[in-house]
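Hi,

Here is the structure I promised to send over.

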Amino acid sequence: MHGLIHESATLEALETPAGTSGASRLRRLSWRVLRANLITIAGVALLLLFIMAGVVGPIVEPHPPDTLYPTAILQAPGGAFPFGTDDLGRDLLSRILSGIRVSLAVGFGSIAASLLVGAALGLLGGYFGGAFDALVMRVMDVLVAFPALLLAIALMTMLGGSVADVALAIAIIYVPIFARITRSSVLAVCGEQYVEAVRAVGASHARTLLRHVLPNSISATIIQTSLAISDAILIEAALSYLGLGVTPPTPSLGALLTEGQGFMTTQPWMVIFPGLALTVGVFGFNLVGDSLRDRLDPHGREG
Amino acid sequence: MRTYIISRLLLAVPTLFGVSVVAFLTIHLIPGNIVEVMLGTRTDVTPQQVAELNRLYGIDTPLWRQYLLWAGNILHADLGFSLRTGLPVVTLLGSALGVTAELTVLAVLIALLVAVPAGVWTAVRRNGPGDVAARLLGLLGLSIPAFWLGTLLILAVSIYLPWLSSFSFVPFLQSPARNLETMILPACTLGLGLASIILRLTRSAMLEVLHKDYLRTARAKGLRGSRVLAKHALRNALLPVITIVGLQIGYLLGGAVIIENVFTLPGVGRLVVQAIEQRDYPLVQSVVFVVAALVIVVNLLVDLCYAWVDPRIRYS
Amino acid sequence: MIGIFRSSGRIALIGALAVAALLGTLPAQAHPVAAANGGTLTIGMTSDALTLDPTVTTDEASGPIEDLLFNSLVKFNAKVQIVPDLASRWTISGDGKTYTFYLRPNVTFHDGSTMTSSDVAASLARLRDPKTASPWASFFTTVASVSTPNATTIVMKLSQPYAPFLAVIASFLTVSSAKFVAAHKGKLTRVEDGTGPFMLKSWVPNTAITLVRNPHYFLAGLPHLDKVVYQIIPADASRIAALRTGQIQFAAFLDPIYFPQVQQLQKAGQVNVLHVLDINYHLLGFNTKRKPFNNPLVRLALSYAIDRNEILQAAGRGQGVISGLLTPALQSWTVPISEYAPYKVNLAKARALLKQAGYPNGFSFDIMASHYLPSDFTAAEIIQQQLKPLGITARVVPTEWGVYVHKWVVRDFDSFTGENGDWTDPDLAMYAALHTGGSTNAFQYSDPTVDRLLDQARTTTSTAQRKALYDRLQLYLVNNGGPMIYTYASYWDYAMSPQLHGYTYIPRSSYQGLAESWLQ
């Protein structure tokens, strides 16, 4: 960000004709700042909206998500049911809020787990090298060779349907990605001279790792985290769409889409709203991730 | 260079072995076997009949023996036969791969056609309103779930272009026109996510290149702006773009699974999902192995390209 | 004018009526003059067939093709009654153990050779051979011996009377040329040599199967159609579109979500729709070896608590009828649901029963359900809600199909929602599912009264006696807390072009009726 302001200010200085007043130049600069930061602002806003919806959902929802209202089947949005009802007379808004909670739980849970395991593996492997590193990397290669969704499908068929199972399956898929990113950053950092200097002075492996290597190699991993969360949410939705996701009655946004498909020509809201909610959340994570990438790694050299 | 190639090839061997074990184990660890799925919950069979069927389908031997049998055949390039249909896996995979390949190629073409010019344009107008808008749109493209977009497109088409929705899949060789009609929507849906990635990549690659000195020299020498752009900037920017497309093959194949499901296309994604459902062991194992091997091979080729271009990598 | 109907006129009239009556009872040779020959019928199919060998067929996509390729000794008519097929007549001995079939002479296989009784015997032997591993062999275990006194007679002796024997033959035995089977070493996945009205011309996997008319079919004048093409169109919406454009002229729909669209096509005059009841029923099944379902009072309580109509409306979208175990599709065997006390929702009675059973505050349990059977999945969700007022917490566990089947096989479930088939005879519908140790008795149900009645009904030869026994069984199972709660039987929509005439719907062999139909 710092760099961007600097650059655009320079360009401005080159392009602004001499004699323009300082006040209008300032205004133009702040407008530039806003525009350049638009992505960050939009991302954070959407993200907050999504997370808030999930967190306050149970308090705010107009009806319990799995209660049937047989007299209100397939109602259009409005009145007691702001987003309409489904074919069993369940309130769509409440089900969407519930689904957002599931997406958040799976998204954060799976990536947190895979971040911890993956970053640890990458850190240790990159730092110590040798046979341990080779073995870990081969295992990661094997996992990465499978298209993520296929692996997820196979894992889900084995595991079962709780939120924890879905999070586990997705975590397994992401461990290799975090491992690789962390490892390549660690390799780059370890090549720097100051690490050798620290070791030469007598610092233990643990101290070197935690105090020096880790903080300097973590930025690429951080960038990946936000994007990985959005991916995880999409994978969970895709699995639910295929019928392999979370146990009902807890609805998942993907499952809501599958339910709505049969009715989409006559009751399109059943398909539009769940997808919209999903897109808002994923978009938020992607925007935040993208602006993080801009700040920490503008030239895309890492990750 | 040669040592690099050899070392990478050698590294691929244990990876492929690991892939084969995972491909084999994942399908066998899922509860339920092919005989159970075949018989369902309505056939009146005795335990002896079940034993006979287990023998017929080769699932009565220990797992390690089944693995060795299958792996041995793979080494002889024999992918086996589908237990469910009796057809050779290679035939089923061939036609499915053709569909998925066509889908991915069309998606890539659409993505390139849209994203490369857009990437160039946004790089040139850096931080202008168009740039920010394009980046936002690009990220939005990555965020829209493929199955939602696909479903919405099907809905829109059925309302506004009803004649388009009546086509079910026709192989390309049978009728190219009908085939493209069925493939256009799924290709656009799949291409959207890819377009976003290519947009960002083109943009950053172009930005790097635009500031290079040799461009200023070329301009100073009097060459016209757009020619400079096309000749030097674009060509250098395209290399990472093309390599990224190769690396995205994993994403594309995964995305294809969902798209094929939404649009009921007979591609590899649907083939594998159905085969898993039916516990068609040879089909799942061989197809998953081949797909993973393809991903490894493509990644290897991409790495070799990088190494050829950037000598520093070779000696690391 | 009235004078015409005096003596001679009256005789003429009676004569005309007699001729008309005679015509009505003649075999299929005599058709209304309107039948036209020729044309190709294209059928829309959801998925590709797996095999052309009925001996090993267990899927839903192969049957439709086999219906037109093969015949059996006997077959079903639209009223699910046994009528002649390859056997023009048969006799059953007084003790019910000897069946003598008299075959039609001059029936030829598709390769031109003549069918004899030894082909029939060989077909049956192959079905029962353990090496074939046919899932249907268990229905023929009572066959003690088979003999062929001459080329058109075959005699089967059973070890004990087995009332559903003719139904079993009609459903599972088909006749193929013994020489052909031997020449192909029993591998009949992609080849056939039957006696049916159509023959295999080509099979493009996952695309289409083409059959052509058998010019030597043993029913003269049939079939009328020249070709039948089974076109694979997986998506229901695409099949509807194909019907609209005339690309296909016949398609079956079982998912009630699509019925409104199909009926729209009918209103527009583009198709005729047969709205028929399938021989299937939906159920909630219990594992009677697990608490609390080991107590029949609990099962009965749930039967009183569940609102079957609500399930039919929501899960079946109203496209079905509430049914007991033997559905109305089985015509004469059905017991009217008015005789089932628990079919009227009665929460008070349910509560009383639960209290009596020792669960005054309810309990919790799992319902295994699969998205593979979508309406049964929805039914589980509805049942979950319906049981809440009783303090019962039901958890719906979505289970992938293969895992579902596995758990069903190893009996690892509390309860499940699903579908069951009635086959074509009450014994086939009930024995294996309800007898102690029955192979489809996943409920692990065991009741000596039920066992006794089932054994009796299976060996009784009198239809009237059997009906009485099965009536008793059905009432007993529903009113005494049997292992299953039956909810409804669902409709299918068969959509066909208005140009298709002469089609008769026969339950479970719905494509056989195309042998007599024509396009005009």
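Let me begin with strand 19 (residues 488-496) of chain C: 9 of its 9 residues are buried, so the strand is largely enclosed by the rest of the structure. Buried here means that 20 or more other C-beta atoms, placed from the backbone, lie within 10 Å of the residue's own. Strands (E, at least two residues) and helices (H or I, at least four) are DSSP runs, numbered from the N terminus.

Before going further, a word on conventions: residues are numbered from 1 along each chain as its sequence is written, and chains are lettered from A in the order in which they are written. This is a predicted model, where local features need pLDDT of at least 70, side-chain atom pairs count only at pLDDT 80 or more, and totals for chains, interfaces and linings use all residues.

Which strands pair with strand 19 of chain C? Pairing requires at least two bridges found by DSSP.

- Strand 11 (residues 250-253) of chain C is antiparallel to strand 19, with 4 bridges; C:Ala252 has C:Tyr494 as its bridge partner.
- Strand 12 (residues 272-277) of chain C also pairs in the antiparallel sense, over 6 bridges, and C:Val276 stands opposite C:Trp492.
- Strand 14 (residues 320-322) of chain C pairs with strand 19 in the antiparallel sense over 3 bridges, with C:Gly320 partnered by C:Ser490.

Turning to the interface, 29 residues of chain B are in contact with 32 residues of chain C, contact meaning C-beta atoms, placed from the backbone, within 7 Å. On the chain B side, helix 2 (34-39) and helix 3 (47-56) are the elements that give two or more residues.

Best wishes

Key:
Two residues are in contact if their C-beta atoms, placed from the backbone, lie within 7 Å. A residue is buried if 20 or more other C-beta atoms lie within 10 Å of its own, exposed if 12 or fewer, and partly exposed in between; C-beta atoms are placed from the backbone.
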